[in-house]
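Welcome! Open your viewer, get ready to select residues by number, and follow along.

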Amino acid sequence: MNSILQQDLNDFSNILEQTKQKGIDFLNNIESIPTSNSYSIDSQKELNQLGLGSLGALEEFNQRLAPLMVALPGPRYWGFVTGGSTPASIVGDWLTAIYDQNPQAFRNQGGVSALIEAETINLLLELLDLPDDFTGGFVTGATMSNFTNLGVARQWFGAQFGKDFAKNGISETINILTATPHSSSIKSLSMLGVGSQNYTLIKTIEGNREAIDISDLEKNIESLNGKPFILISSAGTVNTADFDDFEAISELRKKYKFWWHIDAAFGGFAAVSEKYKHLVKGWENADSITIDCHKWLNVPYESAFYLIKKEHIHLQVETFQNSNAPYLGNPLENFNYLNVLPENSRRLRALPAWFSLKAYGKEGYKDIIENSTSLALHFANALIEQEYFELLAPIRLNNVCFTLKGNENQDKVTQFLTQLNDGGKVFMTPTVYQNRKGIRASFVNWRTSEQDIRIVIQEMVEVFQEL
Ligand SMILES: *Cc1c(COP(=O)(O)O)cnc(C)c1O
(Lines give C-alpha, C1' and ligand atoms only; values in the text may rest on other atoms or scores of the structure.)
Protein backbone atom coordinates (compact mmCIF):
# COMPACT_ATOMS: atom_id res chain seq x y z
CA MET A 1 0.00 0.00 0.00
CA ASN A 2 1.13 3.54 -0.77
CA SER A 3 2.66 5.02 2.40
CA ILE A 4 0.37 8.04 2.60
CA LEU A 5 -2.69 5.83 2.22
CA GLN A 6 -1.27 3.59 4.93
CA GLN A 7 -0.78 6.57 7.22
CA ASP A 8 -4.36 7.72 6.58
CA LEU A 9 -5.67 4.28 7.36
CA ASN A 10 -3.79 4.25 10.68
CA ASP A 11 -5.06 7.73 11.53
CA PHE A 12 -8.62 7.27 10.25
CA SER A 13 -10.40 7.92 13.53
CA ASN A 14 -8.59 11.22 14.07
CA ILE A 15 -9.22 12.27 10.46
CA LEU A 16 -12.96 11.66 10.76
CA GLU A 17 -13.02 13.43 14.11
CA GLN A 18 -11.45 16.56 12.59
CA THR A 19 -13.83 16.39 9.65
CA LYS A 20 -16.78 16.15 12.02
CA GLN A 21 -15.48 19.20 13.88
CA LYS A 22 -15.25 21.18 10.65
CA GLY A 23 -18.80 20.13 9.74
CA ILE A 24 -20.28 21.07 13.08
CA ASP A 25 -18.51 24.47 12.98
CA PHE A 26 -20.29 25.18 9.69
CA LEU A 27 -23.68 23.91 10.79
CA ASN A 28 -23.62 25.61 14.18
CA ASN A 29 -22.75 28.94 12.56
CA ILE A 30 -25.02 28.67 9.58
CA GLU A 31 -27.23 31.58 10.64
CA SER A 32 -24.31 33.98 10.42
CA ILE A 33 -22.73 32.57 7.27
CA PRO A 34 -23.68 34.68 4.21
CA THR A 35 -26.14 33.29 1.67
CA SER A 36 -23.94 34.61 -1.12
CA ASN A 37 -20.41 35.87 -1.66
CA SER A 38 -18.41 37.20 -4.55
CA TYR A 39 -15.16 35.33 -3.97
CA SER A 40 -13.57 33.57 -6.83
CA ILE A 41 -11.14 30.70 -6.69
CA ASP A 42 -7.39 31.02 -7.21
CA SER A 43 -7.44 27.89 -9.23
CA GLN A 44 -4.46 25.63 -8.63
CA LYS A 45 -4.27 23.43 -11.65
CA GLU A 46 -1.29 21.32 -10.71
CA LEU A 47 -1.77 18.00 -9.06
CA ASN A 48 0.88 17.36 -6.39
CA GLN A 49 3.41 14.67 -7.14
CA LEU A 50 3.19 13.40 -3.60
CA GLY A 51 -0.17 13.60 -1.93
CA LEU A 52 -0.95 15.75 1.11
CA GLY A 53 -2.72 13.02 3.03
CA SER A 54 -6.29 13.50 4.27
CA LEU A 55 -5.34 16.02 6.95
CA GLY A 56 -3.25 18.01 4.47
CA ALA A 57 -6.14 18.07 2.02
CA LEU A 58 -8.51 19.06 4.83
CA GLU A 59 -6.15 21.88 5.74
CA GLU A 60 -6.18 23.16 2.18
CA PHE A 61 -9.96 22.77 1.98
CA ASN A 62 -10.34 24.77 5.19
CA GLN A 63 -8.08 27.53 3.88
CA ARG A 64 -9.15 27.84 0.28
CA LEU A 65 -12.50 26.16 -0.32
CA ALA A 66 -14.53 26.28 2.89
CA PRO A 67 -14.70 30.11 2.81
CA LEU A 68 -16.40 29.87 -0.60
CA MET A 69 -19.32 27.90 0.80
CA VAL A 70 -22.56 29.84 1.24
CA ALA A 71 -25.34 29.10 3.71
CA LEU A 72 -27.34 27.18 1.15
CA PRO A 73 -28.70 24.73 3.75
CA GLY A 74 -29.41 27.64 6.11
CA PRO A 75 -32.75 29.20 7.08
CA ARG A 76 -32.63 32.23 4.76
CA TYR A 77 -31.76 30.65 1.43
CA TRP A 78 -35.13 31.20 -0.23
CA GLY A 79 -33.97 31.07 -3.85
CA PHE A 80 -35.20 28.40 -6.30
CA VAL A 81 -36.84 25.75 -4.12
CA THR A 82 -34.00 24.84 -1.80
CA GLY A 83 -34.21 22.46 1.11
CA GLY A 84 -31.70 21.95 3.88
CA SER A 85 -30.54 18.74 5.50
CA THR A 86 -32.05 17.40 8.70
CA PRO A 87 -29.58 15.97 11.25
CA ALA A 88 -30.77 12.41 10.58
CA SER A 89 -30.42 12.85 6.82
CA ILE A 90 -26.79 13.89 7.28
CA VAL A 91 -26.21 10.75 9.34
CA GLY A 92 -27.71 8.73 6.48
CA ASP A 93 -25.57 10.54 3.94
CA TRP A 94 -22.35 9.89 5.86
CA LEU A 95 -23.21 6.23 6.22
CA THR A 96 -24.03 6.01 2.52
CA ALA A 97 -20.42 6.94 1.78
CA ILE A 98 -19.04 4.67 4.48
CA TYR A 99 -20.95 1.55 3.52
CA ASP A 100 -20.57 2.38 -0.19
CA GLN A 101 -23.18 -0.07 -1.48
CA ASN A 102 -24.44 -0.32 -5.05
CA PRO A 103 -28.17 -1.04 -4.93
CA GLN A 104 -29.31 -3.05 -7.94
CA ALA A 105 -30.98 -6.46 -7.60
CA PHE A 106 -33.28 -7.61 -4.82
CA ARG A 107 -31.59 -11.01 -4.88
CA ASN A 108 -28.44 -12.82 -5.91
CA GLN A 109 -26.23 -9.76 -6.15
CA GLY A 110 -24.02 -10.21 -3.13
CA GLY A 111 -25.65 -7.32 -1.30
CA VAL A 112 -29.29 -6.49 -0.92
CA SER A 113 -29.14 -2.73 -0.41
CA ALA A 114 -31.77 -2.46 -3.17
CA LEU A 115 -34.23 -3.75 -0.57
CA ILE A 116 -33.43 -0.72 1.59
CA GLU A 117 -34.19 1.47 -1.39
CA ALA A 118 -37.51 -0.31 -1.96
CA GLU A 119 -38.32 -0.05 1.75
CA THR A 120 -37.66 3.70 1.61
CA ILE A 121 -39.96 4.08 -1.41
CA ASN A 122 -42.68 2.33 0.59
CA LEU A 123 -42.16 4.72 3.51
CA LEU A 124 -42.46 7.63 1.10
CA LEU A 125 -45.66 6.22 -0.44
CA GLU A 126 -47.07 6.00 3.05
CA LEU A 127 -45.98 9.53 3.94
CA LEU A 128 -47.63 10.84 0.78
CA ASP A 129 -50.66 8.58 1.16
CA LEU A 130 -50.17 7.02 -2.28
CA PRO A 131 -51.19 3.43 -3.10
CA ASP A 132 -48.64 0.65 -3.49
CA ASP A 133 -49.48 0.06 -7.15
CA PHE A 134 -46.52 2.34 -7.90
CA THR A 135 -42.91 1.21 -8.02
CA GLY A 136 -40.22 3.76 -7.47
CA GLY A 137 -36.51 4.33 -7.35
CA PHE A 138 -34.01 7.02 -6.50
CA VAL A 139 -32.39 9.30 -9.04
CA THR A 140 -30.30 12.45 -8.63
CA GLY A 141 -33.06 15.05 -8.87
CA ALA A 142 -36.47 15.88 -10.25
CA THR A 143 -34.90 16.53 -13.64
CA MET A 144 -33.75 12.90 -13.86
CA SER A 145 -37.06 11.75 -12.45
CA ASN A 146 -38.94 13.65 -15.17
CA PHE A 147 -36.52 12.13 -17.69
CA THR A 148 -37.16 8.62 -16.37
CA ASN A 149 -40.93 9.03 -16.28
CA LEU A 150 -41.18 10.71 -19.67
CA GLY A 151 -38.84 8.06 -21.11
CA VAL A 152 -41.38 5.40 -20.20
CA ALA A 153 -44.22 7.63 -21.45
CA ARG A 154 -42.40 7.82 -24.80
CA GLN A 155 -42.22 4.03 -24.93
CA TRP A 156 -45.92 3.81 -24.08
CA PHE A 157 -46.73 6.20 -26.93
CA GLY A 158 -44.85 4.00 -29.42
CA ALA A 159 -46.60 0.90 -28.09
CA GLN A 160 -49.96 2.46 -29.02
CA PHE A 161 -48.79 2.15 -32.64
CA GLY A 162 -47.27 -1.30 -32.15
CA LYS A 163 -43.78 0.25 -32.18
CA ASP A 164 -40.78 -0.11 -29.91
CA PHE A 165 -39.15 3.35 -29.87
CA ALA A 166 -36.44 2.25 -27.45
CA LYS A 167 -35.23 -0.34 -29.97
CA ASN A 168 -35.94 1.33 -33.25
CA GLY A 169 -36.06 5.04 -32.55
CA ILE A 170 -38.96 7.45 -32.67
CA SER A 171 -41.02 7.05 -35.81
CA GLU A 172 -44.27 8.82 -34.92
CA THR A 173 -44.93 12.40 -33.91
CA ILE A 174 -45.43 12.27 -30.18
CA ASN A 175 -48.32 14.42 -28.95
CA ILE A 176 -47.57 16.19 -25.72
CA LEU A 177 -49.98 18.51 -23.96
CA THR A 178 -49.01 20.69 -21.00
CA ALA A 179 -49.85 24.08 -19.48
CA THR A 180 -47.02 25.19 -17.19
CA PRO A 181 -44.22 22.66 -17.55
CA HIS A 182 -41.09 23.04 -15.46
CA SER A 183 -38.02 23.75 -17.60
CA SER A 184 -36.63 20.34 -16.65
CA SER A 185 -39.52 18.57 -18.38
CA ILE A 186 -38.70 20.50 -21.55
CA LYS A 187 -35.04 19.58 -21.11
CA SER A 188 -36.13 15.95 -20.74
CA LEU A 189 -38.05 16.15 -24.03
CA SER A 190 -34.86 17.40 -25.63
CA MET A 191 -32.74 14.62 -24.11
CA LEU A 192 -35.31 11.99 -25.07
CA GLY A 193 -35.23 13.00 -28.73
CA VAL A 194 -38.85 14.10 -28.59
CA GLY A 195 -37.79 17.68 -29.18
CA SER A 196 -37.92 20.60 -26.80
CA GLN A 197 -40.41 22.46 -29.01
CA ASN A 198 -42.68 19.54 -29.77
CA TYR A 199 -45.43 20.13 -27.31
CA THR A 200 -48.77 21.92 -27.33
CA LEU A 201 -49.21 24.61 -24.74
CA ILE A 202 -52.66 24.48 -23.15
CA LYS A 203 -54.15 27.64 -21.66
CA THR A 204 -54.06 28.23 -17.95
CA ILE A 205 -57.19 29.05 -15.98
CA GLU A 206 -58.04 32.69 -16.47
CA GLY A 207 -57.07 35.13 -13.76
CA ASN A 208 -54.15 34.75 -11.47
CA ARG A 209 -53.56 31.08 -12.15
CA GLU A 210 -50.90 28.76 -13.58
CA ALA A 211 -53.07 25.63 -13.51
CA ILE A 212 -54.31 23.99 -16.68
CA ASP A 213 -57.65 25.11 -18.14
CA ILE A 214 -59.53 21.82 -18.38
CA SER A 215 -61.89 22.98 -21.13
CA ASP A 216 -59.00 24.15 -23.31
CA LEU A 217 -57.28 20.83 -22.59
CA GLU A 218 -60.36 18.96 -23.71
CA LYS A 219 -60.63 21.08 -26.85
CA ASN A 220 -57.05 20.21 -27.75
CA ILE A 221 -57.64 16.53 -26.99
CA GLU A 222 -60.65 16.52 -29.28
CA SER A 223 -58.58 17.96 -32.09
CA LEU A 224 -56.26 14.94 -31.86
CA ASN A 225 -59.14 12.81 -33.18
CA GLY A 226 -58.60 9.86 -30.89
CA LYS A 227 -54.80 9.79 -31.18
CA PRO A 228 -52.93 9.02 -27.97
CA PHE A 229 -51.01 11.73 -26.11
CA ILE A 230 -48.86 12.42 -23.09
CA LEU A 231 -50.09 14.94 -20.51
CA ILE A 232 -47.45 16.66 -18.38
CA SER A 233 -49.23 18.19 -15.43
CA SER A 234 -48.09 20.18 -12.41
CA ALA A 235 -48.43 19.68 -8.68
CA GLY A 236 -46.80 22.93 -7.61
CA THR A 237 -45.54 25.39 -10.21
CA VAL A 238 -42.37 27.13 -9.12
CA ASN A 239 -43.70 30.69 -9.33
CA THR A 240 -46.96 30.41 -7.51
CA ALA A 241 -47.23 26.76 -6.37
CA ASP A 242 -50.35 26.23 -8.43
CA PHE A 243 -51.85 22.78 -8.98
CA ASP A 244 -53.68 21.30 -11.95
CA ASP A 245 -57.08 19.83 -11.12
CA PHE A 246 -56.29 16.14 -10.69
CA GLU A 247 -59.89 15.11 -10.09
CA ALA A 248 -60.91 16.64 -13.41
CA ILE A 249 -57.95 15.00 -15.15
CA SER A 250 -58.91 11.67 -13.55
CA GLU A 251 -62.33 12.06 -15.17
CA LEU A 252 -60.73 12.64 -18.58
CA ARG A 253 -58.97 9.28 -18.23
CA LYS A 254 -62.34 7.60 -18.59
CA LYS A 255 -62.82 9.18 -22.02
CA TYR A 256 -59.37 9.45 -23.57
CA LYS A 257 -56.21 7.42 -23.99
CA PHE A 258 -53.18 9.20 -22.53
CA TRP A 259 -50.13 8.82 -20.33
CA TRP A 260 -50.58 11.07 -17.34
CA HIS A 261 -47.41 12.41 -15.80
CA ILE A 262 -47.33 14.71 -12.76
CA ASP A 263 -44.34 16.83 -11.83
CA ALA A 264 -44.82 17.07 -8.06
CA ALA A 265 -41.18 17.89 -7.29
CA PHE A 266 -42.02 19.88 -4.18
CA GLY A 267 -45.82 20.22 -4.34
CA GLY A 268 -46.36 16.51 -3.70
CA PHE A 269 -45.61 17.18 -0.06
CA ALA A 270 -48.95 18.99 0.19
CA ALA A 271 -50.26 15.45 0.77
CA VAL A 272 -48.53 15.36 4.16
CA SER A 273 -50.83 18.01 5.67
CA GLU A 274 -54.60 17.70 6.09
CA LYS A 275 -54.75 21.44 5.35
CA TYR A 276 -53.27 21.07 1.86
CA LYS A 277 -54.04 17.51 0.89
CA HIS A 278 -57.02 18.56 -1.24
CA LEU A 279 -54.52 20.10 -3.71
CA VAL A 280 -53.38 16.65 -4.83
CA LYS A 281 -56.74 14.90 -4.69
CA GLY A 282 -56.89 12.39 -7.53
CA TRP A 283 -53.11 12.30 -8.18
CA GLU A 284 -53.01 8.59 -7.38
CA ASN A 285 -54.59 8.01 -10.82
CA ALA A 286 -51.49 9.24 -12.67
CA ASP A 287 -49.18 6.88 -14.57
CA SER A 288 -46.03 8.53 -13.29
CA ILE A 289 -45.05 11.07 -10.64
CA THR A 290 -41.82 13.02 -10.02
CA ILE A 291 -40.86 13.95 -6.47
CA ASP A 292 -37.74 15.61 -5.10
CA CYS A 293 -36.33 14.72 -1.71
CA HIS A 294 -33.61 17.37 -1.64
CA LYS A 295 -36.32 20.03 -1.50
CA TRP A 296 -39.09 19.59 1.06
CA LEU A 297 -37.94 16.28 2.54
CA ASN A 298 -34.82 18.24 3.58
CA VAL A 299 -32.19 15.65 2.73
CA PRO A 300 -28.84 16.54 1.08
CA TYR A 301 -28.40 16.71 -2.69
CA GLU A 302 -28.75 14.52 -4.79
CA SER A 303 -32.05 12.89 -3.99
CA ALA A 304 -35.32 12.44 -5.83
CA PHE A 305 -37.48 9.54 -6.90
CA TYR A 306 -39.74 8.51 -9.72
CA LEU A 307 -43.02 6.66 -9.29
CA ILE A 308 -44.46 4.58 -12.13
CA LYS A 309 -47.49 2.34 -12.03
CA LYS A 310 -46.57 -1.34 -11.75
CA GLU A 311 -48.73 -2.15 -14.77
CA HIS A 312 -46.12 -0.33 -16.92
CA ILE A 313 -43.13 -2.33 -15.72
CA HIS A 314 -42.63 -3.97 -19.12
CA LEU A 315 -42.51 -0.60 -20.89
CA GLN A 316 -40.10 0.60 -18.23
CA VAL A 317 -37.80 -2.37 -18.73
CA GLU A 318 -37.95 -1.94 -22.51
CA THR A 319 -36.80 1.66 -22.01
CA PHE A 320 -33.98 1.10 -19.54
CA GLN A 321 -32.87 -2.52 -19.64
CA ASN A 322 -29.13 -2.85 -19.71
CA SER A 323 -28.76 -5.47 -22.40
CA ASN A 324 -30.31 -6.55 -25.65
CA ALA A 325 -30.98 -9.99 -24.29
CA PRO A 326 -34.62 -10.56 -23.42
CA TYR A 327 -35.40 -9.93 -19.77
CA LEU A 328 -35.50 -13.14 -17.78
CA GLY A 329 -38.62 -13.75 -15.78
CA ASN A 330 -41.11 -11.32 -14.30
CA PRO A 331 -39.35 -7.97 -13.86
CA LEU A 332 -41.26 -7.30 -10.65
CA GLU A 333 -40.15 -10.58 -9.08
CA ASN A 334 -36.73 -10.66 -10.60
CA PHE A 335 -36.23 -6.98 -9.84
CA ASN A 336 -33.08 -5.04 -10.64
CA TYR A 337 -32.85 -1.22 -10.56
CA LEU A 338 -30.27 -1.45 -13.33
CA ASN A 339 -33.07 -2.26 -15.76
CA VAL A 340 -35.64 0.33 -14.76
CA LEU A 341 -33.79 3.66 -14.59
CA PRO A 342 -31.00 5.54 -16.35
CA GLU A 343 -27.99 4.73 -14.17
CA ASN A 344 -26.25 1.41 -13.73
CA SER A 345 -23.97 1.79 -10.70
CA ARG A 346 -25.50 4.00 -8.03
CA ARG A 347 -24.90 4.98 -4.43
CA LEU A 348 -27.42 3.98 -1.77
CA ARG A 349 -29.15 7.30 -2.33
CA ALA A 350 -32.19 6.20 -0.33
CA LEU A 351 -30.38 6.05 3.01
CA PRO A 352 -30.52 9.77 3.96
CA ALA A 353 -34.27 9.75 3.24
CA TRP A 354 -34.68 6.49 5.20
CA PHE A 355 -32.93 7.99 8.23
CA SER A 356 -34.90 11.20 8.13
CA LEU A 357 -38.25 9.43 7.72
CA LYS A 358 -37.44 7.07 10.61
CA ALA A 359 -36.17 9.90 12.79
CA TYR A 360 -39.05 12.36 12.40
CA GLY A 361 -41.97 10.29 11.20
CA LYS A 362 -45.27 11.55 9.83
CA GLU A 363 -45.64 14.14 12.55
CA GLY A 364 -42.18 15.62 11.99
CA TYR A 365 -42.81 16.04 8.28
CA LYS A 366 -46.27 17.46 8.81
CA ASP A 367 -44.65 20.04 11.11
CA ILE A 368 -41.97 20.91 8.53
CA ILE A 369 -44.57 21.34 5.76
CA GLU A 370 -46.97 23.36 7.89
CA ASN A 371 -44.15 25.51 9.28
CA SER A 372 -43.07 26.36 5.72
CA THR A 373 -46.58 27.18 4.57
CA SER A 374 -47.37 29.32 7.58
CA LEU A 375 -44.07 31.19 7.15
CA ALA A 376 -44.94 31.86 3.50
CA LEU A 377 -48.21 33.47 4.62
CA HIS A 378 -46.45 35.33 7.38
CA PHE A 379 -43.82 36.69 4.98
CA ALA A 380 -46.50 37.71 2.47
CA ASN A 381 -48.41 39.60 5.17
CA ALA A 382 -45.27 41.28 6.44
CA LEU A 383 -44.45 42.33 2.85
CA ILE A 384 -47.77 44.02 2.15
CA GLU A 385 -47.63 45.82 5.46
CA GLN A 386 -44.66 47.67 3.97
CA GLU A 387 -45.53 50.31 1.41
CA TYR A 388 -42.81 49.20 -1.03
CA PHE A 389 -43.98 45.73 -2.05
CA GLU A 390 -46.93 44.00 -3.64
CA LEU A 391 -47.84 40.36 -4.18
CA LEU A 392 -48.07 39.04 -7.73
CA ALA A 393 -50.11 35.99 -6.78
CA PRO A 394 -51.99 34.62 -3.80
CA ILE A 395 -50.09 32.31 -1.45
CA ARG A 396 -51.27 28.80 -2.21
CA LEU A 397 -48.60 26.80 -0.41
CA ASN A 398 -44.97 27.76 0.26
CA ASN A 399 -43.90 30.12 -2.52
CA VAL A 400 -44.25 33.90 -2.39
CA CYS A 401 -44.17 35.70 -5.73
CA PHE A 402 -43.99 39.48 -5.31
CA THR A 403 -42.52 42.64 -6.76
CA LEU A 404 -41.78 46.26 -5.98
CA LYS A 405 -45.02 48.16 -5.75
CA GLY A 406 -46.14 50.11 -8.80
CA ASN A 407 -45.24 49.74 -12.46
CA GLU A 408 -42.93 52.75 -12.18
CA ASN A 409 -40.66 50.56 -10.05
CA GLN A 410 -40.38 47.72 -12.57
CA ASP A 411 -37.02 49.12 -13.71
CA LYS A 412 -35.66 48.81 -10.21
CA VAL A 413 -36.56 45.19 -9.52
CA THR A 414 -33.33 43.70 -10.83
CA GLN A 415 -31.15 46.19 -9.00
CA PHE A 416 -33.14 45.71 -5.80
CA LEU A 417 -32.77 41.94 -5.93
CA THR A 418 -29.07 42.11 -6.80
CA GLN A 419 -28.37 44.34 -3.85
CA LEU A 420 -30.55 42.28 -1.54
CA ASN A 421 -28.81 39.06 -2.54
CA ASP A 422 -25.35 40.66 -2.39
CA GLY A 423 -26.01 41.57 1.23
CA GLY A 424 -25.76 37.87 2.05
CA LYS A 425 -28.56 37.84 4.62
CA VAL A 426 -31.10 36.25 2.30
CA PHE A 427 -31.20 34.80 -1.19
CA MET A 428 -34.18 34.97 -3.56
CA THR A 429 -34.73 34.26 -7.25
CA PRO A 430 -35.81 36.63 -10.04
CA THR A 431 -38.81 35.69 -12.11
CA VAL A 432 -41.26 37.09 -14.63
CA TYR A 433 -44.89 36.54 -13.81
CA GLN A 434 -47.73 37.69 -16.08
CA ASN A 435 -45.35 40.00 -17.90
CA ARG A 436 -44.08 41.68 -14.77
CA LYS A 437 -40.63 41.37 -13.28
CA GLY A 438 -40.92 39.72 -9.93
CA ILE A 439 -39.09 37.99 -7.13
CA ARG A 440 -39.70 34.58 -5.69
CA ALA A 441 -39.14 33.39 -2.14
CA SER A 442 -39.65 29.71 -1.47
CA PHE A 443 -40.08 28.31 2.05
CA VAL A 444 -38.77 24.78 2.30
CA ASN A 445 -36.03 24.71 4.89
CA TRP A 446 -36.77 23.00 8.21
CA ARG A 447 -34.79 25.64 10.16
CA THR A 448 -36.57 28.78 8.98
CA SER A 449 -38.41 30.71 11.70
CA GLU A 450 -40.33 33.95 12.22
CA GLN A 451 -37.12 35.56 13.41
CA ASP A 452 -35.70 35.02 9.91
CA ILE A 453 -38.67 36.84 8.42
CA ARG A 454 -38.08 39.83 10.69
CA ILE A 455 -34.40 39.92 9.65
CA VAL A 456 -35.31 39.75 5.96
CA ILE A 457 -38.08 42.37 6.02
CA GLN A 458 -35.79 44.81 7.78
CA GLU A 459 -33.05 44.14 5.24
CA MET A 460 -35.49 44.56 2.33
CA VAL A 461 -36.73 47.91 3.58
CA GLU A 462 -33.16 49.16 4.01
CA VAL A 463 -32.13 48.01 0.55
CA PHE A 464 -35.20 49.61 -1.03
CA GLN A 465 -34.63 52.93 0.75
CA GLU A 466 -31.04 53.01 -0.45
CA LEU A 467 -31.91 52.37 -4.13
C1 LIG B 1 -36.88 21.81 -8.76
C2 LIG B 1 -37.88 21.32 -9.73
C3 LIG B 1 -37.51 20.48 -10.78
C4 LIG B 1 -36.08 20.11 -11.08
O5 LIG B 1 -35.52 19.48 -10.00
P6 LIG B 1 -33.98 19.19 -9.77
O7 LIG B 1 -34.01 18.50 -8.48
O8 LIG B 1 -33.31 20.53 -9.73
O9 LIG B 1 -33.49 18.35 -10.89
C10 LIG B 1 -38.52 19.99 -11.60
N11 LIG B 1 -39.80 20.34 -11.40
C12 LIG B 1 -40.19 21.18 -10.42
C13 LIG B 1 -41.64 21.53 -10.26
C14 LIG B 1 -39.24 21.70 -9.53
O15 LIG B 1 -39.61 22.51 -8.54
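This is a predicted model: local features need pLDDT of at least 70, side-chain atom pairs count only at pLDDT 80 or more; totals for chains, interfaces and linings use all residues.

Residues are numbered from 1 along each chain as its sequence is written, and side-chain values use heavy atoms, leaving out hydrogens and water.

**Stop one: a surface patch.** Select Met-1, Leu-5, Leu-9, Phe-12 and Leu-16, which form a nonpolar patch on the surface with about 550 Å² of accessible area together. Such patches join nonpolar side chains (Val, Leu, Ile, Met, Phe, Trp, Tyr) within 5 Å, from residues with over 30% relative accessible area and no salt bridge (a side-chain nitrogen of Lys or Arg within 4 Å of a carboxyl oxygen of Asp or Glu). Areas come from the Shrake-Rupley method with a 1.4 Å probe, and for residues only the protein chains shown count as cover. Helices H1 (3-10) and H2 (12-28) each supply at least two residues of the patch; helices are DSSP runs (H or I) of at least four residues, strands (E) of at least two, numbered from the N terminus. Met-1 sits in the segment before H1 and is exposed, at 68% relative accessible area (exposed is over 50%, buried under 20%, partly exposed in between).

**Stop two: an enclosed helix.** Now select H11 (residues 313-320): six of its eight residues are buried, so the helix is largely enclosed by the rest of the structure. Among the buried ones are Ile-313, Leu-315 and Phe-320. Their cover includes strand E1 (134-139) and helix H6 (142-159), where contact means heavy atoms within 4.5 Å.

**Stop three: a neighbour for H4.** Finally, show H4 (residues 87-99) and H12 (residues 350-385). What residues make the contact between them? Those of H4 include Pro-87 and Val-91, and those of H12 include Leu-351 and Phe-355.

Conventions
Patches are made of residues with over 30% relative accessible area and no salt bridge: like charges are joined within 9 Å, nonpolar side chains (Val, Leu, Ile, Met, Phe, Trp, Tyr) within 5 Å. Buried means under 20% relative accessible area, exposed over 50%, partly exposed in between (1.4 Å probe, protein chains only). Axes are lines fitted to C-alpha atoms, for helices over the stretch in contact, and angles run from 0 to 180 degrees between N-to-C directions.
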